[in-house]
Amino acid sequence: MELKRTPLYEVHAGLGARFVEFAGWEMPVRYKGVMEEHRAVRSSCGLFDVSHMGEIEIRGVGALEAVELITANRASGLKDRQCQYTFILNRDGGVVDDVVLYRFSAERFILCVNASNTDKAYGWIRENVSGMADVRDVSLEYAQFALQGPGAEKILKPHVASDISRIKYYHFEVTEVANELAVVSRTGYTGEDGFEIYLEPSMAIKVWKVIMFEGKKLGGVTPCGLGARDTLRLEMGYPLYGFELNEDITPLEAGLGRFVCLGKERFIGKEALVRQAADGVEKTLVGLEMDEPGIPRPHYKVFKDNDEAGEITSGSFSPSLERAICMGYVKSSLKAPGTAVEIEVRGKRKKAHVVRPPFYHRPGGRPGAEGGE
Amino acid sequence: MEFPKDIKYTREHEWVREDGDTVVVGITDYAQDALGDVVYVELPQEGGSVTKDEPFGVVESVKAVSDLYAPISGTVVEVNDAIVDSPEVINEDPYGDAWMVKVRPGNPDEIEDLLTADEYQKYIEEEK
């Protein structure tokens, strides 16, 4: 199958990007280098093309009711122009997708879904809310950028028609960026302050260039690829679908129960989660840090006293901390921070211990409530 | 991308430089560029033996893990511990300071089987 390209493909190629296949898309994985891009986001500002992300619109008088049925967090408390991190679950409580919900009005919502799950999530939603609301896959109507880092507000502000300093964390505005209609939300996947910008694909190159070129005068904007996006989210302990989350894992096992509202009257997956909440979970997602040289990678096994006790889901060298970090599922009895375990790194068991993410703590604290994508 | 003429190459992207009765081994400019920022290296012990086409160590970037394959068989006579402490040198100077091991060949004829700079460059272009 031919890989999809974002409207910015040629721009990335011109910047010397190295591309990688991701969820059917040919995406920039890095330009100069993951370390440099990662550090730019932590210290100043980075711009990511995340146009591969999908968008599904739910419209109509029954839209809120439909959203409440297919998502696990409580959507009723949201005001217009507010976002929420939430889950679409199957009937066993497994994660169909983890998403960011945008409320435009009580009769119009958009779910930002993972690229790898766009078709599946769209099919699932249509199947389960038929008759309640209109459901459309509007992914091709939006390009998406993420401008992330402590300098993001200063860089973006001059180009936005409304005052973005008034957009609170996990809120958004429908406004103009570089005179083009756009949705600007104070959201992201890096643990830094920043914005995500949704706009018409035909305007993507123009807006990207305005932010990049004008940003030079304001401290600089570094183009960042999926490589840095992954190390940044890992340092925050944010889950990535296909690694920490899948249809056989529940949000409770992933330690994300705070994004599930079991008090809600009904939602798909509720019964399974209520049961699991009462029975307890057998495995739990934890953070781990190595106490010996070696970098843990996905699928490496975790051992406790010579017994297999879990598996790594994501692991990398942390550019901010300059040591190896990872996440993985372990037996729930081992979840306490400080618990000593071993990770088998290419045939050798290496000492590690459990930590509570985030691994990285932003100077001056983190933006609002924790979220992921 | 550099392909010095005075060294030999493997299809696994290692290079070999003859130095008296030993050979020096490292990874190529192409390899370091493909890996990206190198953050971890594991090398064999001095005095150990390596076998042609078998892994003798590992090099990892932020995102990728790559085995190091021995270009020839022999005995490891020296290991560059400096790159274990500063793996970024592999990105900065792959043919110089980032040499990895010095090996005394068991069978010097094996060196003749390796690729010349031109052959290696051609191989990479075909692989792309």
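Colleague: Which residue is the bridge partner of A:Phe48 in E13(A)?

Modeller: A:Cys224 is the partner. Keep in mind that this is a predicted model.

Colleague: What makes E3(A) and E13(A) a pair?

Modeller: A pair needs at least two bridges. Three bridges join strand E3 (residues 46-49) of chain A to E13(A), so the two strands count as paired. They run parallel.

Colleague: What sheet do they belong to, and in which order do its strands come?

Modeller: An open sheet of six strands in chain A, ordered E10-E11-E12-E9-E3-E13, with mixed pairing.

Colleague: Why is one side of E10 and of E13 of chain A left without a neighbour in the sheet?

Modeller: Strand E10 (172-177) and strand E13 (222-224) of chain A stand at the edges. Each has a single partner strand, so one side of each has no neighbour in the sheet. On average, neighbouring strands here are turned by 30° against each other, direction ignored.

Colleague: Which helix packs on the sheet?

Modeller: Helix H2 (residues 34-43) of chain A does, touching E3, strand E9 (143-148) and E13 of chain A. The direction of H2 makes about 120° with that of E13(A).

Colleague: How do you know that E15(A) pairs with E18(A)?

Modeller: The threshold is at least two bridges. Two bridges join E15(A) to strand E18 (residues 340-345) of chain A, so the pair qualifies. These strands run antiparallel. A:Val302 has A:Ile343 as its bridge partner in E18(A). In E16(A), A:Val302 stands opposite A:Gly310.

Colleague: What joins E15(A) to E16(A)?

Modeller: Four bridges, between antiparallel strands. Their hairpin has two residues between the strands, and A:Asp305 takes a positive phi near 50°.

Colleague: How do H3(A) and H4(A) pack?

Modeller: Helix H3 (residues 63-70) and helix H4 (residues 118-129) of chain A pack at about 115°, with axes 10 Å apart. A:Ala66, A:Leu69 and A:Ile70 of H3(A) meet A:Ile125, A:Asn128 and A:Val129 of H4(A).

Colleague: How many residues of that contact are nonpolar?

Modeller: Five are nonpolar, one is polar and none is charged.

Colleague: Which domains are assigned in chain A?

Modeller: The assignment gives domain 1 (9-51 + 142-235) and domain 2 (54-137). Their C-alpha centres lie 24 Å apart.

Colleague: How much area do domain 1 and domain 2 of chain A bury between them?

Modeller: About 1200 Å², 64% of it on carbon and sulfur atoms. In domain 1 of chain A, A:Tyr142, A:Tyr170 and A:Phe172 lose the most area to domain 2 of chain A, together 51% of what that side buries.

Methods:
Residues numbered from 1 in each chain as written. Chains lettered and ligands numbered in written order. Predicted model: local features only at pLDDT ≥ 70, side-chain atom pairs only at ≥ 80, totals over all residues. Heavy atoms only, no water. Axes fitted to C-alpha atoms, helices over the stretch in contact; angles between N-to-C directions. Contact = heavy atoms within 4.5 Å. Nonpolar A, V, L, I, M, F, W, Y, C, P; charged D, E, K, R; others polar. Domains from an automatic or database assignment. Buried area = accessible area lost by both parts, 1.4 Å probe.
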